[in-house]
Every structure is written in C-alpha cells, then in structure tokens.
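This report covers a pocket, a ligand site, the overall fold and some backbone details. Please keep the sequence and the 3D view open while reading.

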Amino acid sequence: MRSTQDWQRADAAHFLHPFTDFQSLARKGSRVITRADNIYLTDSDGNRILDAMSGLWCVNVGYGQQALVDAATQQMQQLPFYNAFFQTATPPAIELAELLAEVTPPQFQHVFFSGSGSEGNDTVVRMVRRYWDILGQPQRSVIISRTNAYHGSTMAGASLGGMSGMHAQGGLPIPGIEHIEQPYWWKHGRPQGLSREAFGLQAARWLEERILAIGPEKVAAFIGEPVQGAGGVIIPPSTYWPEVQRICDAYGILLVSDEVICGFGRTGHWFGCETLGSQPDLMTFAKGVTSGYVPLGGVMVGNRVAKVLIEQGGEFEHGYTYSGHPVACAVALANIRLIQRLGLVEHVRDDVGPYLAEQYRGLMDHPLVGDAETCGLMGALLLVRNKATGDAFPEAVSIGMVCRGHCFANGLIMRAVGDRMIIAPPLVITRAQIDEMMALIRRCLDLTLADAQRSGWLS
Ligand SMILES: *Cc1c(COP(=O)(O)O)cnc(C)c1O
C-alpha cells in the first residue's frame, strides 16, 4: 500500500478534482479514503470517520451492502453492456423501469434513463421544450428556477442551478432560464417579521409574479428541489410547495421536482414531493437510486407529458450511450429492493427522522446555534454570532470552515455551506449512532465556540 504522502503527491500531479481550487488543494494535500463500512469511512492513515454526508448525499443504504456487490458482479458476468438505442433493451433496464413505476407517485409510469443527475436535468430541458413544441406552443420555452438551487454542473444543469459562482464561469445561464428567490425564511422571512407559514406563501407567489412578468404563454416549466440540498439544506415552510402547485396548475405550467437528493427515502417518504406536498409532472433522480455504488440517473415522466411524447411526438432525438446501462440498473434494482426489505423509508419517517429532529431541537441551547432544522435525515445548523439578535459572523471569519476543520480533525464529515453546517447521514443510521454523531457535533461546536471567544469574533 502506498503511503499517504505518496498518494497526495501523485494526486496533486495529475488529478484535477471537481469544485476545487487546484493550487490550494495541492498545497494542503487530499484526504485519501480507502475503505468504508456501514456509516464509517477509513482514510489512508487508518482514521475512522463517521460519514454524516452519505458520501455526497447518495449512500442511502450505507457502505458494504453485499446485495449490491452481487448484483453488479452477476450482471457484469452475464451482460456488462448493451445499449437501448436501436429497438433493443436489457432485462435490468426493463425491470428497473417497472419497479420505479411502482415506488414513485401514481402519475409516473415511464422513465428516461441518464448517467447522472446533471444529465437528467439536461433531459428535462430537452423534454419540456419538446413537449410544448409538439403541442404547437414552441414559444413556451422559459424554465423558472431559484437562486441558490443546485441542479448539476453540465451547461443545462448549471444554468438551471442558481449558483452565481457557477454562472460567472462559462457564460451561463443559457438563454430561456430565469431565477426567482429561494424560500429561505431566515434570510427573507424573518427580517420582515413573517411567520414561516406566511413567508412560505409569499415565496411561492414570487413564482406567480415572475410568470406574469414573463407572460404565462412563454413559461414552460418550474423546477425546484423539494428541500434545497447543496444550497445549505434550505427547508421550505409547509405552505410553500402546495402554493407552488396551485400556481403551476393555474397557468398550465409543468412542475419539475429535482429529487436527486430527496428521492429514495431521504425525507421520510419515497420522494420529497410526497413529504413537501406537490404532484410534479417530471422528477429528476440520481444519487440514492443506486446508493452511489455505480452512476445512474434519469427522469420520471408523468402521464401528462408521456402521453404527448408517445402519441404525438415521433422520434425524440435525445439519449445517452449509458441510458439504461444494465450494470447500473441491476445495482439500482438491488438497492431499491434492499430499501424495501430493510423498511428504510419507514425507519426514517417513524424512527430516526423524528429522533434526529428531537436531538437538533436540543442543539438550540448552544451559544452558536441560531437555528436548527431537519427534514427526514437532512439537517442544518445556522451558526450565528449573537443568538439574541441573530447577527451573522463577518464573512471574513468563515465560521463554517472553522467548524468543518474541527469536524475533520475529530472524525466527522459534516459539510459547511456559508454559515450553515449540514448533514445527510445514511438512512441505515441507528439511534445509538445518532447519539454518537450528536456527541461529535457538540464537541465540534464547542471547539468552534472556543476559537470564536479566543479570537474575539463574538464581541
Ligand atoms: C447532485 C445533484 C445533481 C447533479 O447530479 P450529478 O450526478 O452530480 O450530475 C442535480 N440535482 C441535485 C438536486 C443534486 O443534489
């Protein structure tokens, strides 16, 4: 086995990492992860780390699940690849399509496969515009999304996303994509003195205002994550999604739910739209569909769109070499059956989800924690400088990065998004493991508080 230093040298010399400042990483050196089991990672120095981010929001069934390994092995031996382009199909792709129709809400009977979430959202853009084209309304091409949304990193995915840093590189967004403000109560509702519920309605009505400003006859679709993930686990008020649904219905606009993080049990239902209260026409999925063991994504296509594409559309000139990849589909089948067999959706909804919510409420007594919220097994802590006023730390302090540093040093993976510390642990996590995670979180918060006191950031 190569030494950590040796790995880091080769890594810095050749590997351009995603979303990374190459020079700064080369200076610090990567942390090299070599193995994992259940909810724990092991790095190249032999450190054990509790992975409260499920890899990258994806390892829903945890690491080391033999059923997924066996499914991949058997499928690779029998048929490692065949395409689905020219009137062909493979058994795993057909069976997965059938199973997805069963576990998704009733309006979904069809699926279009991609290799990732970003590609799935590229398919959404192509499909939504194709749908209105077939219906003789090609001018309906505008897709409305939200600030701080994350929908992937391809040209279409990054355009749908609302990350200004991404838009600034490469001339994005592409034409025909607009953004409204996100339903972030702390930032937009609290300063106005609005209750969460009242703010949820206001935030949804920003959509209506934008539709009217653009002209409803030009708007094709609205896309949103049920809970914004990469944007900092922004959990909308309960009033938000039902009002968005009402508005989309009123103007005949397609509703797209990006379920790449929220799908496959994360929020305590199979899909986030079921928890947050919408009935989308299209759903993007990836990540949890295979628990990240192999790449796979896709779009669930609701009956309204499927009927038009199938009956009136002719050829849809779009697809990927790996649409319906048999090995990826075999792993997804094993993964979904395992979620069913272990009852993980119910485990989140009835047991560990409510337990985590209770633990997070308990963190509100910590001097640094201004807000603590969860939805299923997603959680966010807002670090504030002054609890009474809710004042934020100066940006230059990067309080989130300070806290994240302590997490790394103490065997916990928790992610920082600005001043929000976020988690999304594997769905197999137990109450005892949540206790272990909470003890680590408290220790890291205390260490961060000590830094803040020592450096005079609190006064
Ligand atoms: C991760 C993510 C994507 C992009 O998926 P990739 O597989 O990285 O392309 C899209 N949407 C959401 C909500 C995501 O979290």
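## Second largest pocket

Three elements each supply at least two residues of the lining of the second largest pocket: α5 (91–103), β4 (108–114) and α13 (303–312). The largest share comes from β4, with five residues. The structure is a predicted model.

The second largest pocket holds about 810 Å³ of space. Its lining has 26 residues, and the closest to the centre are Ala84, Val111, Phe112, Phe113 and His318. By class, the lining of this pocket divides into 16 nonpolar, eight polar and two charged residues.

## Ligand site

Which residues surround the ligand? Around the ligand are Ser116, Gly117, Ser118, Asn121, Tyr150, His151, Gly152, Glu225, Asp258, Val260, Ile261 and Lys287. Helix α6 (residues 117–134) gives the largest share of this shell, three residues. The shell around the ligand has three nonpolar, six polar and three charged residues.

An oxygen atom of the ligand lies 2.5 Å from an N or O atom in the side chain of Ser118. A nitrogen atom of the ligand is 3.4 Å from a polar backbone atom of Tyr150. Taken alone, the ligand exposes 380 Å², and the protein buries 83% of that.

## Overall fold

The protein has 17 helices and 15 strands. Its C-alpha trace spans about 70 × 55 × 45 Å along the principal axes.

Why does a radius of gyration of 22 Å agree with a compact globule? The protein has 459 residues, and a compact globule with that number would have a radius of gyration near 23 Å, so the value of 22 Å agrees.

## Backbone details

Where is the cis peptide bond? It joins Leu172 and Pro173, with omega about 0°. Pro173 lies in the loop between α8 (164–167) and β6 (177–180).

Val233 is not a glycine, yet its phi is positive, about 50°. The loop that holds Val233 runs between β7 (219–224) and α11 (240–251).

Technical notes: Residues are numbered from 1 along each chain as its sequence is written. This is a predicted model: local features need pLDDT of at least 70, side-chain atom pairs count only at pLDDT 80 or more; totals for chains, interfaces and linings use all residues. Side-chain values use heavy atoms; hydrogens and water are left out. On a 1 Å grid over the protein atoms alone, a cavity is a set of points where a 1.4 Å probe fits but cannot get out, and a pocket is an open set with protein on both sides within 12 Å along at least five of seven lines; lining residues have an atom within 4 Å of a point. Grid points are joined across faces, edges and corners, and a volume is the space filled by probe spheres set on the points. Helices (H or I, at least four residues) and strands (E, at least two) are DSSP runs, numbered from the N terminus. Ala, Val, Leu, Ile, Met, Phe, Trp, Tyr, Cys and Pro count as nonpolar, Asp, Glu, Lys and Arg as charged, and the others, Gly among them, as polar. A residue is near a molecule or strand if one of its heavy atoms lies within 4 Å of it. A polar contact is a pair of N or O atoms within 3.5 Å; within protein, one must be able to donate a hydrogen and the other to accept it, and residues adjacent in sequence count only if both atoms are side-chain atoms. Accessible areas come from the Shrake-Rupley method with a 1.4 Å probe; for residues, only the protein chains shown count as cover. The radius of gyration is taken over C-alpha atoms; the globule rule is 2.2 Å times the number of residues to the power 0.38.
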